[in-house]
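Visitor: I have not seen this structure before. Please take me through how to read it.

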Amino acid sequence: GTPSSVSAGCNIKVVVRVRPPNAKEQESNQRHIIRFMDDKSLIFDPKEDEVPFFYHGVPQKTRDLLKKEKKDIALAYDRVFDFASTNVEVFDSSTKSLIQVLMDGCNCSVFAYGATGAGKTFTMIGNPESPGITYLTMEELFIHKEKLSVEREFELMVTYIEVYNELVKDLLNPGSILNLREDSKYGVMIPGVKVHKIKSPEELFSLLEQGNKRRTQHPTDANAESSRSHAVFQVYIQMTIKANREIRRAKLSMIDLAGSERGSATGFVGARFKEGANINKSLLALGNCINSLADGLRHVPYRDSKLTRLLKDSLGGNCHTIMIANVSPSSIHYDDTYNTLKYATRAKNI
Ligand code: ADP
Ligand code: MG
């Protein structure tokens with residue numbers, strides 16, 4: 001559909017963020033495979049390079065190692081963020097609007113999708129100078145909490161877990177393997193998970209950083225920082241309306257997904273293959289659930305992976321979802337960028 005039909009009456013928003021070229025990409029002087037059109041559209045693999053590539057202030061002739069026919073595909077999303085965009089800008093036009101939805105008692109989920117190195121963790125967690133959208137969203141949640149405090153009592157609890165190799169692990173309480181349970185009142189539960197009561201957003205940043213450092217990582221041939229775990233940060237909000245003691249619950253899930261690059265490209269064998277296969281399982285299952293929701297099918301295969309079982313009560317129905325597709329602008333990552341944009345385009349059709 002067109003971008004305008006996407007937002008109308010639909011609960012999924014798909015945005016694309018293109019990170020700035022890194023030093024390696026600049027030095028090797030690769031082609032840019034994304035041209036920004038406006039704040040909602042881009043051209044993937046444009047026929048003509050119009051902007052010269054600057055290196056140390058000098059315009060360069062870009063090297064095109066691929067030399068194949070350009071795809072030159074125009075793509076539209078709910079929002080496209082270019083190199084200059086900050087985490088605050090991404091937050092302002094993505095997750096900020098979810099707070100009202102949560103206040104109304106609906107669950108929300110936010111995904112950062114993309115290959116390793118594409119900018120998922122920068123977007124979600126960021127750094128102390130440029131806090132990511134998880135922190136900024138929590139800050140906004142506290143603003144709303146204060147505003148509503150005359151009429152509502154709030155209880156906020158957070159958890160931070162990872163799904164690694166189809167196992168659920170607690171990033172705030174290392175060592176334990178957790179199970180999932182479905183509860184008629186609370187939805188999907190994780191018995192035994194470490195729950196933090198949060199009084200201010202400041203408490204949160206170090207918690208997020210600590211947890212993020214504990215994510216299971218394996219150096220691989222392709223990328224030493226490659227991450228095969230899905231990090232899931234969840235906020236459980238319980239609101240008691242003072243006038244009538246009505247209790248309203250909502251859950252926000254923010255997920256830094258495992259790298260979407262293909263396992264085969266990183267050249268691992270044996271035990272690692274299963275690891276890769278399982279990551280693909282959760283990403284694949286997420287894609288299949290989103291496709292089923294997009295097609296309006298009654299059966300959504302939530303049970304196909306741990307990640308989709310965990311998010312069963314936060315996808316579809318009245319839930320609001322934001323998919324942030326992170327990509328590199330450089331032709332070095334041509335296939336990853338192309339695949340991520342295709343995934344994002346499919347999700348957009350819900
Ligand atoms: P991923 O989590 O997808 O593997 P990262 O978020 O770790 O990728 O990003 C890879 C590198 O690029 C990091 O050094 C990060 O700081 C940097 N980076 C990513 N996105 C941006 C951005 N929008 N602006 C500046 N630097 C970025
Ligand atoms: Mg990361």
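Visitor: Which residues does Ser328 touch, not counting residues up to four places away in sequence?

Guide: Contact means heavy atoms within 4.5 Å. By that rule Ser328 touches Val18, Arg19, Glu25, Ile34, Ala118, His333 and Thr337, with residues up to four places away in sequence not counted. This is a predicted model, in which local features need pLDDT of at least 70 and side-chain atom pairs count only at pLDDT 80 or more, while totals for chains, interfaces and linings use all residues. Residues are numbered from 1 along each chain as its sequence is written, chains are lettered from A and ligands numbered from 1 in the order in which they are written, and side-chain values use heavy atoms, with hydrogens and water left out.

Visitor: Where is Ser328 found?

Guide: Helices (H or I, at least four residues) and strands (E, at least two) are DSSP runs, numbered from the N terminus. Ser328 is in the loop between strand E19 (320–327) and helix H10 (334–348).

Visitor: Does Ser328 count as buried or exposed, and why?

Guide: Buried means under 20% relative accessible area, exposed over 50%, and partly exposed in between (1.4 Å probe, protein chains only). Ser328 counts as buried because its relative accessibility is 4%.

Visitor: With which side chain does the side chain of Ser328 make a polar contact?

Guide: A polar contact is a pair of N or O atoms within 3.5 Å; within protein, one must be able to donate a hydrogen and the other to accept it, and residues adjacent in sequence count only if both atoms are side-chain atoms. For Ser328 the partner is the side chain of Glu25, at 3.1 Å. Glu25 belongs to helix H2 (residues 23–27) and counts as buried because its relative accessibility is 2%.

Visitor: What surrounds ligand 1?

Guide: A residue is near a molecule if one of its heavy atoms lies within 4 Å of it. Around ligand 1 are Arg17, Arg19, Pro20, Ala115, Thr116, Gly117, Ala118, Gly119, Lys120, Thr121 and Phe122. Helix H5 (residues 120–124) gives the largest share of this shell, three residues.

Visitor: Which N or O atoms lie by the oxygen atoms of ligand 1?

Guide: A backbone N or O atom of Gly117 lies 2.6 Å from an oxygen atom of ligand 1. For the side chain of Lys120, an N or O atom is 2.8 Å from a ligand 1 oxygen atom. For the side chain of Thr121, the distance from an N or O atom to a ligand 1 oxygen atom is 2.8 Å. Accessible areas come from the Shrake-Rupley method with a 1.4 Å probe, and for residues only the protein chains shown count as cover. On its own, ligand 1 has 560 Å² of accessible area, and the protein covers 64% of that.

Visitor: How are strand pairs read, and which strands pair with E18?

Guide: Two strands pair if DSSP finds at least two bridges between them. Strand E8 (residues 108–113) pairs with strand E18 (residues 246–256) in the parallel sense, over five bridges. Strand E17 (residues 230–241) runs antiparallel to E18, with 11 bridges joining them. Met254 in E18 stands opposite Val110, and Phe233 also stands opposite Met254. The hairpin of E17 and E18 has four residues between the strands, and Arg245 in the turn has a positive phi of about 60 degrees.

Visitor: Which residues of strand E12 are on its covered face?

Guide: In a regular strand the side chains alternate between the two faces of the sheet. In E12 (residues 167–170), Val168 and Asp170 form the covered face, and Leu167 and Lys169 the uncovered one. Strand E11 (residues 152–164) pairs with E12 in the antiparallel sense over four bridges, and Val163 stands opposite Val168. Two residues lie between the strands in the hairpin of E11 and E12, where Asn165 takes a positive phi near 55 degrees.

Visitor: Which residues is Thr137 in contact with, leaving aside its neighbours within four places in sequence?

Guide: They are Phe91, Thr95, Ile99, Leu252 and Met254. Thr137 is in helix H6 (residues 133–148) and is buried, with a relative accessible area of 1%. Its side chain makes a polar contact of 2.8 Å with that of Thr95, and the side chain of Thr137 also reaches the backbone oxygen of Ile133 at 2.4 Å.
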